Amino acid sequence: MIFKKHLLDIIVIAVLLLGTLSVFAITALTREEGNFAVVEIDGVVEAKYPLNVDGTFVLNGGTNTLVIENGAAYLSYSNCPDHTCELTGKIHYVGQTIVCLPNRLSVTVRGEVTDGGVDIVS
């Protein structure tokens, strides 16, 4: 009697677990390496940096420092109070983003640049 009572719970948990694992597998198998780090300040694109060229770039008048190395981008310095943007770590897959809210800055990895080229501002 108790087993029948919990059988439905076990089935629901198994279905939810299978669904979660399926979504995770699809996401992991379909993610794409990015080609560019796009820097936006106040929602305006300020710079686009290729991820295949290593470099260090001072952003937003010195409030943030972007480092690109080995095909990944990360913020190595920020003058914001909580430094959450620095703790985000390295990003290199299309759609990954680092956001520094106090400095109104975001860095997003994109696959292609559709506006005809790459502008490098340093």
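Biologist: Where does asparagine 35 lie?
Modeller: Asparagine 35 is in the loop between α1 (2-30) and β1 (36-41). Helices (H or I, at least four residues) and strands (E, at least two) are DSSP runs, numbered from the N terminus. This is a predicted model, where local features need pLDDT of at least 70 and side-chain atom pairs count only at pLDDT 80 or more, while totals for chains, interfaces and linings use all residues. Residues are numbered from 1 along each chain as its sequence is written, and side-chain values use heavy atoms, with hydrogens and water left out.

Biologist: Is asparagine 35 buried, partly exposed or exposed?
Modeller: Partly exposed, because its relative accessibility is 39%. Buried means under 20% relative accessible area, exposed means over 50%, and partly exposed is in between (1.4 Å probe, protein chains only).

Biologist: And what is asparagine 35 in contact with, leaving aside neighbours within four places in sequence?
Modeller: Tyr49, Pro50, Leu51, Arg110 and Gly111 are in contact with asparagine 35, once neighbours within four places in sequence are set aside. Contact means heavy atoms within 4.5 Å. The C-alpha atoms of asparagine 35 and valine 109 are separated by 7.2 Å, although the two residues are 74 apart along the chain.

Biologist: Now threonine 108. Which strand is it in?
Modeller: Threonine 108 is in β7 (residues 105-110). It counts as buried because its relative accessibility is 14%.

Biologist: Which side chain does the threonine 108 side chain make a polar contact with?
Modeller: That of threonine 97, at 3.4 Å. A polar contact is a pair of N or O atoms within 3.5 Å; within protein, one must be able to donate a hydrogen and the other to accept it, and residues adjacent in sequence count only if both atoms are side-chain atoms. Beyond four places in sequence, threonine 108 touches Phe36, Ala37, Val38, Gln96 and Thr97.

Biologist: How many bridges join β6 to β7?
Modeller: 4 bridges, with the strands running antiparallel. Two strands pair if DSSP finds at least two bridges between them. Valine 99 stands opposite serine 106 in β7. The hairpin of β6 and β7 has 4 residues between the strands, and arginine 104 in that hairpin takes a positive phi near 55°.

Biologist: Which residues are on the covered face of β6?
Modeller: Ile98 and Cys100 are on the covered face of β6 (residues 97-100), and Thr97 and Val99 are on the uncovered one. In a regular strand, side chains alternate between the two faces of the sheet.

Biologist: Different topic. In what order do the strands of the open sheet come?
Modeller: The order is β3-β4-β5, with 3 strands and antiparallel pairing. The edge strands are β3 (55-59) and β5 (72-78), each pairing on one side only. β3 pairs with β4 (residues 64-69) over 5 bridges, and valine 58 stands opposite threonine 65 in β4.

Biologist: What is phi of asparagine 60?
Modeller: Near 55°, a positive value in a residue other than glycine. Asparagine 60 is in the loop between β3 and β4 and is partly exposed, at 28% relative accessibility. Histidine 83 is also not a glycine and has a positive phi of about 60°. Histidine 83 is in the loop between β5 and α2 (84-87).

Biologist: How many helices and strands does the chain come to?
Modeller: 2 helices and 7 strands, running α-β-β-β-β-β-α-β-β from the N terminus on. Of the 122 residues in the chain, 32% are buried.
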